[in-house]
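Me: I'd like to learn how to read a structure like this one. Could you walk me through it?

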Amino acid sequence: MKILIVDPWGVKNISHYTNGLCSGLSNYSDTTLFTNYHFEKKTDNNYTVKKVFFKHSEIMKSSYLRRIVRGFEYFFGYSKLIKEIKTNSYSVVHFQWLLLYPIDIFFLKK
């Protein structure tokens with residue numbers, strides 16, 4: 001079984017939960033995590049991490065420009081996600097966090 005976990009917000013305290021979830025699932029299946037560019041995986045865990053979301057905006061100061069950059073990064077991250085889903089056949093695709101609902105709804109329909 002192949003599982004894809006999508007967690008665009010996977011940094012700081014949230015990463016402890018995400019690490020635990022993916023680590024537990026990886027004991028029983030081939031698990032891949034699509035997450036924030038700045039996510040830090042614990043070294044002893046046996047799952048694949050693909051860092052695609054918020055490479056630049058995560059380190060920017062809060063501003064209108066950051067919101068614009070973040071929107072573009074989110075959109076392109078989802079584009080990579082759709083390509084990943086079409087390229088590999090996953091048994092389960094689990095979305096951990098939805099951040100920008102108009103974009104989320106658009107891509108979930110796809």
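Me: Which residues make up the largest nonpolar core?

Reply: A nonpolar core is a set of buried Ala, Val, Leu, Ile, Met, Phe, Trp, Tyr and Cys residues joined through side-chain atoms within 4.5 Å. Buried means under 20% relative accessible area, exposed over 50%, and partly exposed in between (1.4 Å probe, protein chains only). In soluble globular proteins, nonpolar side chains tend to be buried together. Here the largest core has 12 residues: L4, V6, F34, V52, F53, F54, Y74, Y78, L81, Y90, I103 and F107. At least two residues each come from strand 1 (2-7), strand 3 (48-53), helix 2 (64-87) and helix 3 (101-109), and helix 2 gives the largest share, 3 residues. Helices (H or I, at least four residues) and strands (E, at least two) are DSSP runs, numbered from the N terminus.

A word on the source: this is a predicted model, where local features need pLDDT of at least 70, side-chain atom pairs count only at pLDDT 80 or more, and totals for chains, interfaces and linings use all residues. Residues are numbered from 1 along each chain as its sequence is written, and side-chain values use heavy atoms, with hydrogens and water left out.

Me: What is L81 in contact with, beyond its neighbours within four places in sequence?

Reply: Contact means heavy atoms within 4.5 Å. By that test, L81 touches L4, V6, F34 and F95. Another core, of 6 residues, lies apart from the largest one, and C22, L33, F39 and Y47 are among them.

Me: How do I read the strand pairing: in which sense do strand 1 and strand 2 pair?

Reply: Two strands pair if DSSP finds at least two bridges between them. Strand 1 and strand 2 pair in the parallel sense, over 6 bridges, with D7 opposite T35 in strand 2. Strand 2 also pairs in the parallel sense with strand 3, over 5 bridges, and there N36 stands opposite F53. Strand 2 (residues 30-36) is mostly covered, with 6 of its 7 residues buried.

Me: And helix 2: what covers its buried residues?

Reply: The cover includes strand 1, strand 2, strand 3, strand 4 (92-95) and helix 3. Among the buried residues of helix 2 are R66, Y74, Y78 and L81.

Me: Which side chain of opposite charge is nearest to R66?

Reply: For charge, Lys and Arg count as positive and Asp and Glu as negative; His and the chain ends are not counted. A salt bridge is a side-chain nitrogen of Lys or Arg within 4 Å of a carboxyl oxygen of Asp or Glu. R66 is buried but has no salt bridge, and the nearest side chain of opposite charge is E58, 4.7 Å away.
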